[in-house]
Amino acid sequence: MTDVTVAAPAVKKAGAFFVETVTWVQHWTDSLFSFRTTRDPTLRFSSGQFVMVGLEVEGKPLVRAYSVASPAWHEELEFYSIKVPDGPLTSRLQKIKVGDQVLIGRKPTGTLVLDGLRPGKRLYMLGTGTGLAPWLSLARDPEVYERFEEVIVTHTVREVADLNYGELLESELPNDEVLGELIGDKLRYYPTVTREPFKTNGRITDLITSGKLFEDLGVPALDPKVDRLMLCGGPSVLADLKQILLDRGYEEGSIASPRDFVLEKAFVES
């Protein structure tokens, strides 16, 4: 997700944004952090969607698109962000503290929702960098496990320190006192690193084309009849992943026309 900001006219607090309070901040590395805010009870969204998030700067909202990392049922909103030193928004947003106020858009949207997919057996959620965020939402949504027999979350990053949320996906969710029984052994977590030694190295595109992804997981190669995919990450890797799927007979879906895979166009175009 690039640090693209959207300038907008000054708005009243009751206008296009909710004004929410920061409740938690976690700095993972010099370039990655997460934060949570309060959630207005009238805000409704589907797990996997994004909202505009930002700050009021000189009387005007400075915002960018952020996937909501918390599930639709949660009472708070969570976000996972890069830090860009000279980024118009993230240079400011990375300095927020508990008690600060942020702007949250009132109109969630996005293509990374279950309704964009046909029924299937296995769901792959392929993410790079902060493209993990929508999977953090969906992996905590009971409906995902009601629809699919197996859920595979991949996270490709440059360095091992960037593998944030690994413990959540690998052990906490399967053992969660509320969700654990539903998730069980359905959730699989597959982290990969591209610039440092790690148990699994390489770009997710290479791991798919070589077949190593499926060999490591002990599952069959991609099959449009049973496998469904969601894609989120940098524009170049998304373009490559999309072409790999099209070449294998997959069809891109949308809420209006559910098919075999969906990707988040908003971040590709920004």
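This is a predicted model: local features need pLDDT of at least 70, side-chain atom pairs count only at pLDDT 80 or more; totals for chains, interfaces and linings use all residues.
**The whole chain**

Colour by secondary structure and you can pick out nine helices and twelve strands in the protein chain.

Buried residues account for 51% of the 270. If you display contacts between residues at least 6 apart in sequence, 73% of them join residues at least 24 apart. Colouring by charge brings up 31 positive and 39 negative charges, whose mean positions lie 5 Å apart.

**Stop one: E264**

Select E264, in the loop between strand 12 (261-263) and helix 9 (265-269). Is this residue buried or exposed? With a relative accessible area of 2%, it is buried, since the cut-off for that class is under 20%. Follow its side chain to the backbone nitrogen of T111, which it reaches at 3.0 Å. Then show the surroundings: beyond neighbours within four places in sequence, E264 is in contact with F50, G110, T111, L112, L231, C232 and L238.

**Stop two: K121**

Next, go to K121, in the loop that runs between strand 7 (101-105) and strand 8 (122-128). K121 counts as partly exposed because its relative accessibility is 37%, which falls between the 20% and 50% limits. Which residues does K121 touch, leaving out those up to four places away in sequence? They are F148, E149, E150 and V226. For a sense of distance, draw a line from the C-alpha of K121 to that of N175: the two are 54 residues apart along the chain and separated by 23 Å.

**Stop three: two positive phi angles**

Most residues other than glycine have a negative phi. Select E58 and check its backbone: phi is near 55°, a positive value. E58 sits in the loop between strand 4 (50-57) and strand 5 (60-67), and it counts as exposed at 80% relative accessibility.

Finish at Y165, where phi is also positive, near 75°. Look for Y165 in the loop between strand 9 (150-157) and helix 4 (166-172). At 9% relative accessibility, Y165 counts as buried, whereas E58 is exposed.

Note on methods:
Residues are numbered from 1 along each chain as its sequence is written. Side-chain values use heavy atoms; hydrogens and water are left out. Helices (H or I, at least four residues) and strands (E, at least two) are DSSP runs, numbered from the N terminus. Buried means under 20% relative accessible area, exposed over 50%, partly exposed in between (1.4 Å probe, protein chains only). Contact means heavy atoms within 4.5 Å. Lys and Arg count as positive and Asp and Glu as negative; His and the chain ends are not counted. The place of a charge is taken as NZ of Lys, CZ of Arg, CG of Asp or CD of Glu. A polar contact is a pair of N or O atoms within 3.5 Å; within protein, one must be able to donate a hydrogen and the other to accept it, and residues adjacent in sequence count only if both atoms are side-chain atoms.
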